[in-house]
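Notebook open, structure loaded. Here is what I looked up, in the order I got to it.

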Amino acid sequence: MSLKSHFATVIERHAQAQGRLVLGLSGGLDSRVMLDLMAEYSRSQQTECLAVHVHHGLSVNADQWARQCQQWCQQLNVPLVIEKVQLDRKGRSLEESAREARYQALVNHLENDDLLLTGQHADDQVETFLLALKRGSGPKGLSAMAEAMPFAHAKIVRPLLTISRQQIEGYAEQKQLTWVEDESNLDQRFERNFIRHTVSPPLTERWPYFNQAVQRSAELCAEQEALLDELMSDKLNSALHSDASLDINTLATYSELVRTRALRMWLARQNVRMPSREQLKLVWPQVACAQQDANPQLALIDGQIRRHANRLYFVREWQPLMEWRQDLRFDQACVLPEDLGRLVLRSSSHGQLSKQALSQGKLQVIFEPQGLSAHPVERGHSRKLKKLFQEYDVPSWLRRRTPIVICDQQVVAVGDLFIDRHFAGQDCELVWDKPLLFM
């Protein structure tokens, strides 16, 4: 089968009727060939397509690569977006930071049902497999890369995953394509480059079908992972609450092996980068089984695993909101920061607030409870918000993520926990359209 036919077969296996083809175009050999294949497929099938070039700024040649990508796309009549990014190196290697920045940039240009095309090929699959083997990964890591997988509200597809670099080079030479060479690909300080230039050549020279064997092993590992997830789904769902927390009492009835698998699946569902085996082993003794009066937490790269009310929660790293404040007006949605939802104050004959009382001052939304007190309608006296959060059993990490409505400097309401008695009434209501972590 020709490369063109192979590309079309893979695309048609995953394409949705209204979805576009979106290519991550680096300008290297693989993505340059993919650009040519995508443009030809788009013309023949009348499918909308887009190329996105992520400009990392890591090379002195980065601007030239962007210009070259622009030239190729103009020749092929393919729309191109150039996205400049800044790398966040916190706790990550340069390779990992660049990859994460690249995918974050690509997300911005995906719509529902799009296919995000990336150029990984069979040689890349071998590198991924060997890196996982070097790390001592289990079946999940040894599954390496899948041909297709969900990504944001779209899907990543790797049409060349079973195609060798040699075949891709042959196509490029036949079509007389040019591409850019990233000088960092020769730097063997990077693990992938070391495998590419030093480890893989003698392996494939000794065993010419080594790449195909790796692909087969990766597929078998992926099948075993899928089977485990299917068999374990009932166990996980039995311990899972609607707010994505895990019930510790239910987990305690499982064997250690089942419990560890459930924790892995729980983190995977929340798109958390999987912790090491050693870190995962600490979740049960250090967090779940810590003393009842403790506030235990286990730090991971993306956040912390914490305990509250005999449940385990994954808490992401957040920006402090002490300085954030926003005016609140009737019948106008107040969009909260950090994906915390939105607040709407509106007239209602079944409300719990008094419109007249709210009209006596300036209404604002804040997140800093320090120094504030309130007198909930159902309580006999006023208390500091710090104490009220404890009494209303709000997890410690959500106490500065819960919106506080104030009228001048007086508390009106705290999220959907309570209304202050001074603003109680029946002709308006406060609605918080809140995210999953508060459910």
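I started at Leu343, which stands opposite Trp432 in β20. Before going on, I noted that this is a predicted model, where local features need pLDDT of at least 70, side-chain atom pairs count only at pLDDT 80 or more, and totals for chains, interfaces and linings use all residues. Residues are numbered from 1 along each chain as its sequence is written, and side-chain values use heavy atoms, with hydrogens and water left out.

**The sheet.** I then checked β13 (residues 342–347), which pairs with β20 in the antiparallel sense over six bridges; two strands pair if DSSP finds at least two bridges between them. Strands are DSSP runs of E, at least two residues, and helices are runs of H or I, at least four, numbered from the N terminus. The open sheet has three strands in the order β12-β13-β20, with antiparallel pairing. β12 (334–335) and β20 (428–433) are the edges, each with a single partner strand, so one side of each has no neighbour in the sheet.

**Arg401.** I found Arg401 in the loop between α14 (385–391) and β17 (404–407). Is Arg401 buried or exposed? Arg401 is buried, at a relative accessible area of 4% (buried is under 20%, exposed over 50%, partly exposed in between, with a 1.4 Å probe and protein chains only).

**Two helices.** Last, I looked at α1 (residues 3–14) and α2 (residues 29–45), which pack at about 70 degrees with axes 10 Å apart. Axes are lines fitted to C-alpha atoms, for helices over the stretch in contact, and angles run from 0 to 180 degrees between N-to-C directions.
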